[in-house]
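Thanks for making the time this morning. Let me put the sequence and the structure up on the screen, and then I will walk through what was computed from the coordinates.

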Amino acid sequence: MNTASTDYYELGNLILLSKCACLAARNRLESRGAHTREDYPKRDDVNFLKHSIVTLKDDKLELSYKDVIVTKFSLDGRKPQ
């Protein structure tokens, strides 16, 4: 087992995942959970209650969204502390 090769691929994957997270965060114009923005300090459930999905196509990252389906828990009880 070549651990240097494994480390190389793992580092590349971590960098790619970091780019995906940054792309999704940059396009989310709100603050939610650990993701806070000074320019958008409040949650925006109307526009951003959705999953961010990043795919790699032709060596480019593409961002899309999928709506969140609220089932058991209501959003009314979520308040900033």
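Predicted model: local features only at pLDDT ≥ 70, side-chain atom pairs only at ≥ 80, totals over all residues.

Turning to burial, buried residues account for 14% of the 81 residues in the protein chain.

As for the fold, the protein chain has two helices and two strands, and their order, read from the N terminus, is α-α-β-β. The radius of gyration is 17 Å, well over the 12 Å that the globule rule gives for 81 residues, so the protein chain is more spread out than a compact globule. Taken along the principal axes, the box that the C-alpha atoms fill is roughly 50 × 30 × 30 Å. If we consider contacts between residues at least 6 apart in sequence, 25% of them join residues at least 24 apart.

Now to the side chains, and to the aromatic rings in particular. Searching the whole structure turns up one aromatic pair. Its members are Tyr-8 and Tyr-9, whose ring centres lie 5.4 Å apart and whose planes meet at 75 degrees, so the pair counts as edge-to-face, the cut-off for that class being over 60 degrees. Both of these residues, Tyr-8 and Tyr-9, are exposed.

Another ring to look at is that of Tyr-65, over which the charged end of Lys-50 sits, at 5.3 Å from the ring centre.

Conventions. Residues numbered from 1 in each chain as written. Heavy atoms only, no water. Phe/Tyr/Trp six-rings, centres within 6.5 Å; stacked < 30°, edge-to-face > 60°. Buried < 20%, exposed > 50% of the residue type's maximum accessible area, 1.4 Å probe, protein only. Lys NZ or Arg CZ within 6 Å of the ring centre and 35° of its normal. Helix = DSSP H or I, 4+ residues; strand = E, 2+ residues; numbered from the N terminus. Rg over C-alpha atoms; globule rule 2.2 N^0.38 Å. Contact = heavy atoms within 4.5 Å.
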